[in-house]
Amino acid sequence: MNGVVPGTALNLGSGVGVSFRDLATMACGLLGHPAGIACVAGKPQGVHHRVADTYMMRKLWQPKISLDEGIERTARYLRGLTKLRASV
């Protein structure tokens, strides 16, 4: 079949690295949020970016939209929920 054993954990992602700063900046821009992104002096910086190993995921599914488009669609969905709550 597809070689994926039931119960296997799959990483979701594009396989393309993105820094947490770039992801936050992208989300703020698409959501129209004015938040600034800053590192706190004296605090550990930790992991700067992640790249998902998508080998197993791609046996079952292939991403069809970009990260930008996914964030934009999520923003539209959340705006719709906000409008729905305001009308009730």
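Start with the second largest pocket, whose lining residues divide into seven nonpolar, three polar and two charged, where Ala, Val, Leu, Ile, Met, Phe, Trp, Tyr, Cys and Pro count as nonpolar, Asp, Glu, Lys and Arg as charged, and the others, Gly among them, as polar. This is a predicted model, in which local features need pLDDT of at least 70 and side-chain atom pairs count only at pLDDT 80 or more, while totals for chains, interfaces and linings use all residues. Residues are numbered from 1 along each chain as its sequence is written, and side-chain values use heavy atoms, with hydrogens and water left out.

To see this pocket, select its lining, which includes S19, F20, R21, K43 and H48; the space inside is about 210 Å³. A pocket here is an open set of points on a 1 Å grid over the protein atoms alone, where a 1.4 Å probe fits, with protein on both sides within 12 Å along at least five of seven lines, and lining residues have an atom within 4 Å of a point.

Next, move to the largest pocket, which holds about 490 Å³ of space. Of its 21 lining residues, select G13, S14, V16, V18 and L67, the closest to its centre. Then colour α1 (20-31), which together with β1 (18-19) and α2 supplies at least two lining residues each; helices (H or I, at least four residues) and strands (E, at least two) are DSSP runs, numbered from the N terminus.

Finally, select L60, in the loop between β2 (49-50) and α2 (67-87).

Conventions
Points joined across faces, edges and corners; volume = space filled by probe spheres on them.
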